[in-house]
Amino acid sequence: MSEFKHDNISIWSDTVELPSYPKLENDIETEVLVVGAGITGLMNAYQLAMKGYKVTVIDTDYILGGTTANTTARIMAQQGMLYSQLIRQKDKETARLYYDSQMAAIDEMEAIGRKHNIDGDFRRVDGVMYVEEDASVRELEKEAEAYKELGIDGTLLKKELDLPFETAAELIMRNQAEFHPLKYLKGILEVLAEKDVSIYEHTRGKSLDGDTLATNDGNSIHFRHLIIATHFPFLDYQGLYFNSFKINRSYGLVVTTSTPPPENVSLGGQDGPSLTTRHIMGADNELPTLLFGGMGHMSYMEKDMVDQLEKLRLYADQKTTNHERLYAYRAQDLMTVDSMPYIGYFDTDRDNVFVAAGFNKYGMTNGVLSSMIICDLIEGKDNRYHEMLSPHRSKGLLHQLKDQGTTPLESMGVEAKNMLKSYPSMDEVDLSAGEGAVVRDGMMKKGLYKDEDSNEYYVVDNRCTHMGCSLSWNQSDRTWDCPCHGSRFNFKGNVIEGPATTDLDVEVKRTND
């Protein structure tokens, strides 16, 4: 893997210089407080700032440094075999309304870009789902039937598209989109600056007391409205969100190729390795540049990042003739029981706290959609999508019981497996610089990391501060990752992704101790 840049770097973040923002150093008041500075948080800030509200945004790390920087950035209402599923599990009206919501979000993104003359490489493409095996064609035909029943602009083809690899059938959904997320959101940041929106980095929300949010540094932010736009909702105990999502980990790979698919399609495989494929427009390379995504698995299925990326490379090389491999990264997505996001009131007790999460891998559309819905709720307006996507909607009794039963069991299974593992003694392990491992310290498990730049070891508690799950070492990203709910900590024990809000206990030891 030495040929890759894979330390949580993507082509998006490597090609855009974003502004930096200060850390919050004192108590403040604001009309709207947005926690989270990815696409969801910034688009919510944008909508409300445009309405004249005084808006403040805070983020645990730096802006646009999380999932928004590690995404395929496909802006799609075509979301797998979703519409036949929604007709089966809900009804035709819900399925059509969800499609309308996604198309409305795509149109909103395009309109905002035009209004502010944002150079975000936004362009319309056709979404294409394909299957490679004849045995899978029937499932694609069922989804095509759902398109027809719902009046979705789409077409089923049988081996008719000019692709560089063999398929058994393709289902087109027209008028979808792609963009460069950080170019686009840099333009949004410029608008927010003009609207005097305050943004603070390295400022972590920790606890809520009435209309006051306490930060990790002991500062207080008093608000009229609070929007929780973190990837996994922090304060998740109050809304029982810790039991609402499954964490899916997937991988991305950027390559140059001499046999690209057509530029006007964005591909999504539905069988075999199930890879997504899109062009990166405007990349400074002699050959066309493609982004492949795939090799997803649930977080409790602990798999080595380097191994997964190597498998992704092998599958990608079967699709197109690839040359230089430029970037590789891993992303996390929150999956819901009914495959629709949670957007709306955080709980049923307050009408001024909102949440947007559980985007099922489609955060580009649903992050924007959340800003449209939540802005309407704050303004006291009806929104036709709110009831459908409310976090408190009925998800279907059988599905909900299954989800609430399996999620804890999966976490218990991970713990049981970790208890049976044999770990080396901390006094005996021999780590190279930049390497980490789970070790024994007497009867306790610890996380050990040897620093590259000093003669120091970082020894951290191996239990996630969210709900106590054992942490796994991710050598590629040099992070401690929680397989239960997706929290991540850097090698010094600092939270870099929630729902955890508290750092790990850490002890620094010199090599001659």
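Colleague: Why is arginine 138 called partly exposed?

Modeller: This is a predicted model. In it, arginine 138 has a relative accessible area of 40%.

Colleague: What makes arginine 138 and glutamate 141 a salt bridge?

Modeller: Their side chains meet at 3.4 Å, N to O. The cut-off is within 4 Å. So the pair of arginine 138 and glutamate 141 counts as a salt bridge. Both residues lie in helix H5, three residues apart, about one turn of the helix.

Colleague: Why does glutamate 141 count as partly exposed?

Modeller: Its relative accessibility is 22%. Buried means under 20%, and exposed means over 50%. Glutamate 141 therefore falls in between.

Colleague: Why is glutamate 110 called buried?

Modeller: Glutamate 110 has 18% relative accessibility. Buried means under 20%, so glutamate 110 qualifies.

Colleague: Which residue meets glutamate 110 in a salt bridge?

Modeller: Arginine 124, at 2.7 Å, N to O. Arginine 124 is in strand S4 and glutamate 110 in helix H4, so the pair ties together parts that are 14 residues apart in sequence. Arginine 124 itself is partly exposed, at 24%.

Colleague: How do you know that aspartate 121 and lysine 183 form a salt bridge?

Modeller: Their closest N and O atoms are 3.1 Å apart. The limit is within 4 Å, so the pair of aspartate 121 and lysine 183 passes. Aspartate 121 lies in the loop between H4 and S4, and lysine 183 in helix H6, so this bridge ties together parts that are 62 residues apart in sequence.

Colleague: How many salt bridges does the structure hold?

Modeller: The structure holds 27.

Colleague: Aspartate 451 has no salt bridge; what is its nearest side chain of opposite charge?

Modeller: Lysine 492, which is 6.3 Å away. A salt bridge needs a nitrogen within 4 Å of a carboxyl oxygen. Aspartate 451 is buried. It lies in the loop between strands S19 and S20. Its contacts include Tyr458 and Phe491.

Colleague: Why is aspartate 427 called exposed?

Modeller: Its relative accessible area is 74%.

Colleague: What makes the phi of histidine 202 worth a remark?

Modeller: Phi is near 50°, a positive value in a residue other than glycine. Most residues other than glycine have a negative phi. Histidine 202 sits in the loop between strands S7 and S8.

How values were computed. Residues numbered from 1 in each chain as written. Predicted model: local features only at pLDDT ≥ 70, side-chain atom pairs only at ≥ 80, totals over all residues. Heavy atoms only, no water. Buried < 20%, exposed > 50% of the residue type's maximum accessible area, 1.4 Å probe, protein only. Helix = DSSP H or I, 4+ residues; strand = E, 2+ residues; numbered from the N terminus. Lys, Arg positive; Asp, Glu negative; His and termini not counted. Contact = heavy atoms within 4.5 Å. Lists of a residue's contacts leave out its neighbours within four places in sequence.
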